Amino acid sequence: MFFERKTKPKNIIRWIWFPILVLIIFFVIFALAGPRPAFYTLGGLYLLIVPYPFMIFLRTRNNGYLAVTGFVLAACLMMISAPQAIADKSNPGLTPFFLVIMYILMLVVGYLTINRKLRWRGEEVFELAAMPVEDIGNSFSARPRPAGKVPVSKTEMIRFVEFMTQNLIAFAFREENRVVFVPTLPGNDLPYLFGTKKDYLNDTWVAIDYDGNITVNITEEDYLLFKMDLDFDQLCQSLGDLFREFLELSKQGQDSRIIDRMNALRLSPIN
Amino acid sequence: MEYEKAARLGAILAKDYSEDLFKLLVNYQDISASEAASRLSLHIRTAQDFLDNLADLEIVNKTEVFEKKRPYFRYNLAKSKITVTVDLSAYENENPREGLSRLIRERAENRANFTLARTGDEFSSVTIWEGEGRDRQEHKISLTSPQGKFLFHLPFPKSRPMSITGILEKAGLGEKYTSEIQNIVDELIRQEVIEVLS
């Protein structure tokens, strides 16, 4: 499918700076203090990272992030056990075991990444919503907008919430009379994952109440993610329509079609 | 009675010394401001203002008299009963349906902030920022539920405008709310939050 991207492309430095920094730290310590401190430092850094993918798994139940957690943990253990194995090659201990586990999990994580199973889908949601919208000049308004209705039962809603969360499409806030979905845009996830952000009021959200009323709110910050000044009214309506369509597909058990629609955009598998 | 006159009378009656002054007016044939002030331990200016206000409202008569060549005023009660009647129906919109066909939408780059109600399907208030720099002031208007529902369905800036009737219908509001809706619409037009396209 050919389409013109409407969101601004992300800078590649956003996701490569951390591995590069880790490698630099490793080699600097290796050169200054030898292999043992370098491996320990790297192991320590991996250990610091472990809670992040594990938190994502706990919050979203996305199994891919359990594999990422396992990979980071195996890498950490391998780094910590490696100096001993290097010093005494006749007694490598558990290092080969950790190495094998790390490689297997690395392949799994690689496969999941290529297949966009680990991708936060908020950007794709925005692209899909922006597709039919025209550029008419700045028409932003900082207020929510009603965006139609979709018949939905409580059971269907619960199923939909699980699907949206597990597939990293949106964080869900369950309220008394409605569920509020916050599309998962890269960089916006940490406060939600670690529970430091308890509400969604300063973010873009789509709410669906149990009577089926859809309400959309797009923040100015997220509106500026688009390359052009899209018709804000149309954009809100389109985002509401998109969630209605997703919900309809979910009700029909065609969840995979939602993922297919997003994958068809062919955005970078990493965000 | 005109509202302004009633408000003035209300303010006079609310003074804590008014009852005592009326007692003097009822029991004296006439009285000067200095006599009343000395009798009630008031400042002469306070008694003078009170009596002059009553004279303006035609509750007392004010007569100029002379003591040798020095003129001063004496007051005597003109009415023994005061009735306050304000006809509030005069404020009723004569034709509440007038202007319902106006095409409206939110004005772009207005300085208003809408607050969503807990129910999530209406606004509870609209805050408008007035002035610039240090003089910038917040003007918060709390909305009734029908007003909140109406504004929730107000078209966005640059989108297709809708008639007030159309928005009322979309928001599921009955005709009985037209007056209060028109009231908030007119206020927000004045505050440049809403624009009228025809």
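Analyst: Happy to! Let's begin with the word "contact": two residues are in contact if their C-beta atoms, placed from the backbone, lie within 7 Å. Please keep in mind that this is a predicted model.

With that in hand, look at where the chains meet. Chain A brings 18 residues to the contact, and chain B brings 14 residues. On the side of chain B that touches chain A, the largest share comes from strand β5 of chain B (residues 112-116), with three residues. Sorted by class, that side of chain B has seven nonpolar, four polar and three charged residues.

Now let's follow β5(B) into its sheet. Three strands of chain B form an open, antiparallel sheet in the order β5-β6-β7. β5 and β7 (137-142) of chain B stand at the edges with a single partner strand each, so one side of each has no neighbour in the sheet. On average, and ignoring direction, neighbouring strands of this sheet are turned by 20 degrees against each other.

What joins β5(B) to β6(B)? Five bridges do, and strand β6 of chain B covers residues 123-130. You can find one facing pair by looking for B:N113, which stands opposite B:T127 in β6(B). A helix belongs to this picture too: α5 of chain B (residues 145-152) packs on the sheet and touches β5 and β6 of chain B. The direction of α5(B) makes about 70 degrees with that of β6(B). Next, trace the chain from β5(B) to β6(B): they form a hairpin with six residues between them. In the turn sits B:G120, with a positive phi of about 85 degrees.

Let's step back to chain B as a whole. Its domain assignment gives domain 1 (3-77) and domain 2 (96-196). Taken over C-alpha atoms, the centres of these two domains of chain B are separated by 49 Å.

Elsewhere in chain B there is a helix pair to look at. The axes of α3(B) (residues 33-40) and α4(B) (residues 44-56) come within 8 Å and cross at roughly 120 degrees. That angle makes α3(B) oblique to α4(B), and the crossing is right-handed. From α3(B), the contact uses B:A33, B:S34, B:A36 and B:A37, while α4(B) supplies B:I44, B:T46, B:A47, B:Q48 and B:L51. Six of the residues in this contact are nonpolar, three are polar and none is charged.

Finally, here is the partner, chain A. Its assignment gives domain 1 (13-114) and domain 2 (122-263), with 35 Å between their centres over C-alpha atoms. Six residues from domain 1 of chain A and five residues from domain 2 of chain A make the contact. Chain A has a helix pair as well: α4(A) (residues 64-87) and α5(A) (residues 95-114) pack at an angle of about 150 degrees, with axes 8 Å apart. These two helices of chain A are therefore roughly antiparallel to each other, and α4(A) passes α5(A) in a left-handed crossing. Among the residues that meet are A:F71 and A:L77 in α4(A) and A:F98 and A:L105 in α5(A). The contact of α4(A) with α5(A) counts 18 nonpolar, four polar and no charged residues.

Definitions and conventions
Residues numbered from 1 in each chain as written. Chains lettered and ligands numbered in written order. Predicted model: local features only at pLDDT ≥ 70, side-chain atom pairs only at ≥ 80, totals over all residues. Helix = DSSP H or I, 4+ residues; strand = E, 2+ residues; numbered from the N terminus. Nonpolar A, V, L, I, M, F, W, Y, C, P; charged D, E, K, R; others polar. Domains from an automatic or database assignment. Pairing = 2+ DSSP bridges. Axes fitted to C-alpha atoms, helices over the stretch in contact; angles between N-to-C directions. Parallel < 35°, antiparallel > 145°, perpendicular 65-115°, else oblique. Left-handed = near helix turned anticlockwise from the far one by under 90°.
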